[in-house]
Each structure stands twice: as structure tokens, then as C-alpha cells.
Amino acid sequence: MLTRKQHKLLLFIDAHLKQTGFSPSFDEMKEAMGLKSKSGIHRLISGLEERGFLRRHHHRARALEVIQLPEMAPAPTAPSTNVVHADFSRPAAQTLKVPLYGRIAAGLPIEAMAETDSFLDVPLTLVGTGEYYALEVTGDSMIDAGIMDGDFVVIRRTESVENGQIVVALIDDNDVTLKRLRRKGNAIALEPANPNYETRIVPAERLKIQGKLAGLIRRYH
């Protein structure tokens with residue numbers, strides 16, 4: 001038996017592994033679960049390990065392996081509702097269609113790309129409440145964050161972000177970029193995840209947040 005939080009985290013990790021080929025970071029798991037600290041994620045992972053659903057490879061960074069997945073059982077008639085019963089069969093995949101606005105390096109405000117006939121099927125485990133869109137990544141400036149050329153990033157539209165989150169930023173109303181955000185006084189640093197690229201420092205008034213990274217989809221040809 002799993003708690004609902006354990007079940008949700010396990011599905012998130014499984015979807016992330018399938019779509020990206022690597023484990024989510026603790027920050028990504030914390031955001032997906034709506035938790036304020038990483039200690040809660042550690043407890044959930046330990047619980048999943050103890051129950052045989054998850055395995056950690058301690059000799060590799062961010063290496064998690066899903067052993068098996070439970071399925072949500074019908075709601076019980078008894079008062080207790082915080083438990084998920086497992087029958088070890090995989091749940092049917094469910095997806096959400098989100099608009100695909102083109103390439104992140106296009107240099108256009110998201111609003112300028114809003115009219116589109118292209119959509120991307122995104123697993124529901126990667127999204128929550130709110131409005132989402134997708135962009136195709138070009139270049140390798142975020143490769144050390146596991147974001148590669150040709151990947152599709154799923155973005156939750158919001159202007160509210162925290163330090164360290166990967167965001168879509170609009171600079172001077174015409175230049176769009178995907179970078180990790182750090183606030184430095186009245187300026188904002190947009191950090192690449194590749195040592196071959198330099199951090200860009202932008203006055204806060206010249207920058208608008210177009211959304212934050214919610215997930216990533218990689219297609220293999």
C-alpha cells in the first residue's frame with residue numbers, strides 16, 4: 001500500500017524517466033509535489049524504497065529506478081482515504097494537448113506565437129493546474145540540466161518564479177530565452193547550464209517571465 005503522495009511521486013519519477021532518460025532533481029520533485037523542503041522528498045523516496053517500488057543507485061547522481069507501479073484502487077467505503085492499493089499493473093497513459101509555439105531560439109514573445117495549429121501530447125503526470133505551452137529547444141546552452149537540442153520543454157505560464165528555477169524569459173520585448181534564473185539585487189542573472197556559455201545579467205525592468213519549466217519530452221528517431 002502507498003500513500004497518495006508516494007503514489008504521485010512514483011508516477012512523476014516514472015514519467016520523467018520515460019520522457020528524458022534521467023531522474024528528476026530533488027528541486028523538480030519538490031515543485032511537482034508542492035512541498036517546501038527536500039526532506040519531505042527524501043522521506044517519500046525512502047518509503048518507496050522500503051516497499052519495493054523504487055531503487056536508488058547511490059554510486060550515481062540523480063539515479064532512480066522504478067521497479068514497479070501501483071494502480072489507484074476504487075475509493076473505499078471506510079473513512080480512511082489516504083491509501084493507494086497496488087495491483088502492480090501499469091495505469092493507462094493519459095495526456096493533455098498543449099499548444100506548441102515553435103523554437104525557443106526564435107526570438108519572439110510568446111504572445112507573438114500564440115496562434116498555432118501545432119499541439120504536443122503531454123502526460124498528465126507532468127502537469128498540474130494552470131495554463132501550459134510547449135517549445136522546441138535549439139542549441140546546447142542548457143545541456144548540463146539535461147535539456148538538449150531538439151527536446152520539447154513544457155512550460156507553465158506564470159510570472160511568479162523562485163531563484164534557481166528554469167524559466168522562459170523575454171528580454172526587451174523581443175528576445176526569448178530558456179535559462180536558470182537568479183535574482184541579484186535589482187538585476188536578474190540568466191544562467192546557462194553549459195560552461196561554454198556566459199551568464200547574462202539583465203536589469204529587472206527589461207525582463208518579463210513568460211513561464212517556468214514543468215517538464216521535458218524527448219523523441220527518439
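Predicted model: local features only at pLDDT ≥ 70, side-chain atom pairs only at ≥ 80, totals over all residues.

Residues are numbered from 1 along each chain as its sequence is written, and side-chain values use heavy atoms, with hydrogens and water left out.

Now switch to a cartoon view. The protein chain has three helices and 13 strands; these are DSSP runs numbered from the N terminus, with helices being H or I of at least four residues and strands E of at least two. How much of the contact in the protein chain joins residues at least 24 apart, among contacts between residues at least 6 apart in sequence? That share is 57%, where contact means heavy atoms within 4.5 Å.

**Stop 1: helices 2 and 3**

Select residues 26-33 (helix 2) and 38-50 (helix 3): their axes come within 9 Å and cross at roughly 90°. Axes here are lines fitted to C-alpha atoms, for helices over the stretch in contact, and angles run from 0 to 180 degrees between N-to-C directions. Helix 2 and helix 3 are therefore roughly perpendicular to each other. That label covers 65 to 115 degrees; under 35 counts as roughly parallel, over 145 as roughly antiparallel, and the rest as oblique.

Show side chains next. Helix 2 brings Phe26, Asp27, Met29, Lys30 and Met33 to the contact, and helix 3 brings Lys38, Ile41, His42, Leu44 and Ile45. Sorted by type, the residues of this contact between helix 2 and helix 3 are six nonpolar, one polar and three charged. (Ala, Val, Leu, Ile, Met, Phe, Trp, Tyr, Cys and Pro count as nonpolar; Asp, Glu, Lys and Arg as charged; the others, Gly among them, as polar.)

Now select residues 26-46, where UniProt, in an unreviewed entry, places the feature "DNA-binding region". UniProt positions are given in the numbering used here, feature names are shortened, and annotations may be inferred rather than shown by experiment. Over residues 26-46 the chain is 81% helix and 0% strand, with the end C-alpha atoms 13 Å apart.

**Stop 2: Ile41**

Click on Ile41, which sits in helix 3. Is Ile41 buried or exposed? Ile41 has a relative accessible area of 0%, so it is buried. Leaving aside residues up to four places away in sequence, Ile41 touches Leu9, Phe26, Met29, Lys30, Met33 and Leu35. Try the distance tool on Ile41 and Leu9: they are 32 residues apart along the chain, and their C-alpha atoms are separated by 8.4 Å.

**Stop 3: helices 1 and 3**

The contact is made by Lys5, Gln6, Leu9 and Leu10 of helix 1, together with Ile41, Leu44, Ile45, Gly47 and Leu48 of helix 3.

Zoom in on Gly47: this residue is buried, with a relative accessible area of 5%. The C-alpha atoms of Gly47 and Gln6 are separated by 7.6 Å, though the two are 41 residues apart along the chain.

**Stop 4: two tyrosines**

Select Tyr101 and Tyr133. Their ring centres are 5.3 Å apart and their planes are at 25°, so the pair is stacked. (Rings of Phe, Tyr and Trp, using its six-membered ring, pair if their centres lie within 6.5 Å; planes under 30 degrees apart count as stacked, over 60 as edge-to-face and the rest as tilted.) Tyr101 is in strand 5 (residues 95-103) and Tyr133 in strand 7 (residues 132-136), 32 residues apart. Tyr101 is buried at 10% relative accessible area, and Tyr133 is buried at 0%.

**Stop 5**

Pick Ala169 in strand 9, a buried residue at 0% relative accessibility. Among the residues Ala169 touches is Leu207; the two are 38 residues apart in sequence and 6.6 Å apart in space, C-alpha to C-alpha.

Finish at Asp172, in the loop between strand 9 (166-171) and strand 10 (175-184). Its phi is near 55°, a positive value in a residue other than glycine. Asp173, in the loop between strand 9 and strand 10, also has a positive phi, about 65°. Most residues other than glycine have a negative phi. Asp172 is partly exposed at 37% relative accessibility, and Asp173 is partly exposed at 46%.

Definitions and conventions: Buried < 20%, exposed > 50% of the residue type's maximum accessible area, 1.4 Å probe, protein only.
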